[in-house]
Amino acid sequence: MNSDLEELYQQVILDHSRRPRNFGELADPAVRVHGDNPSCGDEIHLAVKFGPGDEVEELKFTGSGCAISQASASLMTMKVKGKSPSQIRSMLDAFEKLVTTGRESHPQSLGDLGLLAGVHKFPQRVKCAMLAWRAIEQALQEDAGQAIVSTEAEPSQSE
Ligand code: ZN
């Protein structure tokens with residue numbers, strides 16, 4: 001990767017972590033999910049409302065943690081708004097593949113999320129990048145109510 005590109009990646013990630021999109025409280029959400037990444041100390045609280053066709057109509061998050069976790073959450077909320085659960089699950093699969101291997105089969109489908117590809121070089125940060133996606137995945141399973149999800153619940157990869 002050339003250094004100009006790396007700089008661009010860093011700028012976008014910093015911009016999203018400093019000024020996260022869809023950050024704040026959502027009134028009367030259908031589902032609230034608390035996502036926790038104890039290995040880094042990242043937390044997000046995700047609130048989701050569904051539309052008449054089960055699509056994600058509105059979502060907001062609050063949280064704290066490293067730049068990767070917060071930027072990834074910001075980018076995720078922009079990407080999944082208006083999408084159906086099956087569209088979101090396929091984005092999650094593509095994104096997980098991207099941050100674990102650095103490769104993606106449909107680059108255009110991920111848009112700015114593709115900027116997090118560099119995370120695959122830092123295995124410890126994969127959980128940071130995946131935290132928001134674990135939370136939306138859990139929200140899709142719940143339909144209503146509250147849930148907690150932790151990155152430590154998934155099988156450890158290479159420790
Ligand atoms: Zn982190």
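Q: Helices (H or I, at least four residues) and strands (E, at least two) are DSSP runs, numbered from the N terminus; where does that put asparagine 22?
A: In this predicted model, asparagine 22 sits in the loop between α1 and β1.

Q: Where is aspartate 54 found, and what is its phi?
A: Aspartate 54 is in the loop between β2 and β3. Its phi is near 75°, again positive in a residue other than glycine.

Q: Why is aspartate 54 called partly exposed?
A: Buried means under 20% relative accessible area and exposed means over 50%, with partly exposed in between. Aspartate 54 has 41% relative accessibility, so it counts as partly exposed.

Q: Why is arginine 18 called exposed, then?
A: The cut-off for exposed is over 50%. Arginine 18 has a relative accessible area of 65%, so it is exposed. This residue lies in helix α1 (residues 3-18), and its C-alpha is 8.0 Å from that of alanine 67, 49 residues apart along the chain.

Q: What makes glutamine 70 buried?
A: Buried means under 20%, and glutamine 70 has a relative accessible area of 6%, so it is buried. It belongs to helix α2. Leaving aside neighbours within four places in sequence, its contacts include His16, Phe23, Glu43, Phe61 and Gly65.

Q: Why can cysteine 66 and cysteine 128 be said to tie parts together?
A: Cysteine 66 lies in the loop between β3 (56-64) and α2, while cysteine 128 is in helix α5, so the pair ties together parts that are 62 residues apart in sequence. Cysteine 66 and cysteine 128 are both buried.

Q: How do α2 and α5 meet, by distance and angle?
A: The axes of helix α2 (residues 67-80) and helix α5 (residues 123-142) come within 8 Å and cross at roughly 35°. The crossing is right-handed. On the α2 side, the contact is made by Ile68, Ser69, Ser72, Ala73, Met76 and Val80; on the α5 side, by Arg125, Cys128, Ala129, Ala132, Trp133 and Ile136. By class, that contact has nine nonpolar, two polar and one charged residues.

Q: Why is alanine 132 called buried?
A: The limit is under 20%, and alanine 132 has a relative accessible area of 1%, so it is buried. Alanine 132 lies in α5 and touches Ile44, Ser72, Ala73 and Met76, not counting residues up to four places away in sequence.

Q: And why is valine 126 called buried?
A: Valine 126 has a relative accessible area of 7%, so with the limit at under 20% it is buried. It is in helix α5. Its C-alpha is 6.2 Å from that of valine 99, 27 residues apart in sequence. Beyond four places in sequence, its contacts are Val99, Thr100 and Val119.

Q: How many residues has the largest nonpolar core, and which element gives the most to it?
A: The largest nonpolar core has 42 residues, and among those with the most contacts inside it are Leu46, Phe95, Trp133 and Ile136. α5 gives the most, with eleven residues. Nonpolar side chains tend to be buried together in soluble globular proteins.

Q: What does phenylalanine 95 touch?
A: Not counting residues up to four places away in sequence, phenylalanine 95 touches Ser72, Leu110, Leu113, Leu116, Ala129, Met130 and Trp133.

Technical notes
Residues numbered from 1 in each chain as written. Predicted model: local features only at pLDDT ≥ 70, side-chain atom pairs only at ≥ 80, totals over all residues. Heavy atoms only, no water. Axes fitted to C-alpha atoms, helices over the stretch in contact; angles between N-to-C directions. Left-handed = near helix turned anticlockwise from the far one by under 90°. Contact = heavy atoms within 4.5 Å. Nonpolar A, V, L, I, M, F, W, Y, C, P; charged D, E, K, R; others polar. Buried < 20%, exposed > 50% of the residue type's maximum accessible area, 1.4 Å probe, protein only. Core = buried A, V, L, I, M, F, W, Y, C linked by side-chain atoms within 4.5 Å.
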